[in-house]
Amino acid sequence: MAERIIKLPDVGEGIAEAELVEWHVKPGDIVREDDPLAAVMTDKATVEIPSPAEGEVTWLGAEIGDKVAIGSALVKLEVAGAAAAEEPAPDTPVAKPAPAAPAVAARPEVPRAPAQKPLASPAVRLKAREAGIDLRQVRGSGPAGRIGHADLDAFLLRGPQATEGPGLVEKTGVTEVKVVGLRRRIAEKMALSKARIPHITIVEEIDVSALEDLRAALNKKPAPERPKLTLLPFLMRAMVKALAEQPGLNALYDDEAGIIRQHAAINIGIATQTPSGLVVPVVKHAEARDLRACAIELSRLAGRARDGSATRDELTGSTITITSLGALGGIATTPVINHPEVAIVGVNRIVVRPVWDGAGFVPRKMMNLSSSFDHRVVDGWDAAVFVQRLKELLETPATLFVDI
């Protein structure tokens, strides 16, 4: 038998390191060639690391959440034969899984009957009397619930406990959850966006009654090659037309170089909730896709994002982003710009509201758009012009398909 060290391979994206997000094996496991050993994340794309040999896992070189350099030792295998140990063993000590952080123990509950006299020293009783405290309300941490000075001081700081009803229990435990993988990427990206970009947000009400009627009519004859149309393809077409008139909003701002790069291609990122967290697949060249083509590509990318198979190329390259929570979209939101873009369009839920038409109130399908802009690059006037153009196009959907 011999030892073989499996190193983190170059995953082909020009990166120097990747974050370990999942182990598929543990010491003692027998793996065969091509069995998955681990998963690492590179800019939101997850890459499986297969085993190049058959053997028994004897060592794991990192913990979940660690950044692992390309070429560093990842796994040790005990393999058959003597010629397999061609790679030197790493100098780093064997990594062991960190013990789970213990939860903070809850304070023991000591229910006390109204007539029960609590245990406490004369000094504690005097202190409680001077403070106007009924010691029956104070939980004691000593033997048999004896109340000490620390218990009384804690009570004075905390105040009386809430009256507990039947079946209600006071809880004090704390669970620590390490922020790793996609959640850490999201946290870093959101912090970067909010720290670097001064946002200005405009919320506009859109009457989508005509658009919803058109969408319902087009969805009457669904087919495998024609996925059901949601509102997003219509919004994408509206954005393409509005951005043609305001190309400065389809841009990335390199604030360190002081350069705004306006892109001819309109690559629309779609913020998508997945079981792992928020990812942003990108519909490339929306300016060259009609309504159905936008819907087909949107459906394909959303599926790949949700099952975790989206590639790095499919998750990068956006020049402007749409964020939507569908029916949960609230009345208004404050979208965070996808750095280094300069604009994001947020979709809120559609509701039926009474609208005054000059003679009476009529029911209309209304929706808000909440759109944020980088105020370093986009003036409020330009942002308002863009939003009003979207409103005009969506409220008169025929204009999405004609050149006027």
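1. Glu297 is buried in this predicted model, its relative accessibility being 12%. Its salt-bridge partner is Arg300, at 3.0 Å from N to O, and Arg300 is partly exposed, with a relative accessible area of 36%. Both residues lie in helix H6 (residues 291–306), and because they are 3 residues apart there, about one helical turn separates them.

2. Salt bridges number 22 in a search of the whole structure. One of them joins Arg364 to Asp207, with the closest N and O atoms 2.8 Å apart. This pair links distant parts of the chain, 157 residues apart: Arg364 belongs to strand E17 (residues 361–374) and Asp207 to strand E9 (residues 199–207). Asp207 is buried, at 15% relative accessible area, whereas Arg364 is partly exposed, at 31%.

3. The largest nonpolar core comprises 46 residues, and those with the most contacts inside it include Leu235, Ile268 and Phe386. Helix H5 (residues 231–245) supplies the largest share of this core, 10 residues. Beyond four places in sequence, Phe386 touches residues including Ala242, Leu243, Ile320 and Phe373. Another core, of 21 residues, lies apart from it and has Ile6, Ala38, Val68 and Val75 among its members.

4. Four strands form an open sheet in the order E5-E4-E2-E7, paired in the antiparallel sense. Strands E5 (45–50) and E7 (67–69) each have a single partner strand, so one side of each is left without a neighbour in the sheet. From one strand to the next, the twist averages 45 degrees. Strand E2 (residues 17–23) pairs with E7 over 3 bridges, and Lys67 in E7 is the bridge partner of Glu19.

Notes
Residues are numbered from 1 along each chain as its sequence is written. This is a predicted model: local features need pLDDT of at least 70, side-chain atom pairs count only at pLDDT 80 or more; totals for chains, interfaces and linings use all residues. Side-chain values use heavy atoms; hydrogens and water are left out. Two strands pair if DSSP finds at least two bridges between them. Helices (H or I, at least four residues) and strands (E, at least two) are DSSP runs, numbered from the N terminus. Axes are lines fitted to C-alpha atoms, for helices over the stretch in contact, and angles run from 0 to 180 degrees between N-to-C directions. A nonpolar core is a set of buried Ala, Val, Leu, Ile, Met, Phe, Trp, Tyr and Cys residues joined through side-chain atoms within 4.5 Å. Buried means under 20% relative accessible area, exposed over 50%, partly exposed in between (1.4 Å probe, protein chains only). Contact means heavy atoms within 4.5 Å. A salt bridge is a side-chain nitrogen of Lys or Arg within 4 Å of a carboxyl oxygen of Asp or Glu.
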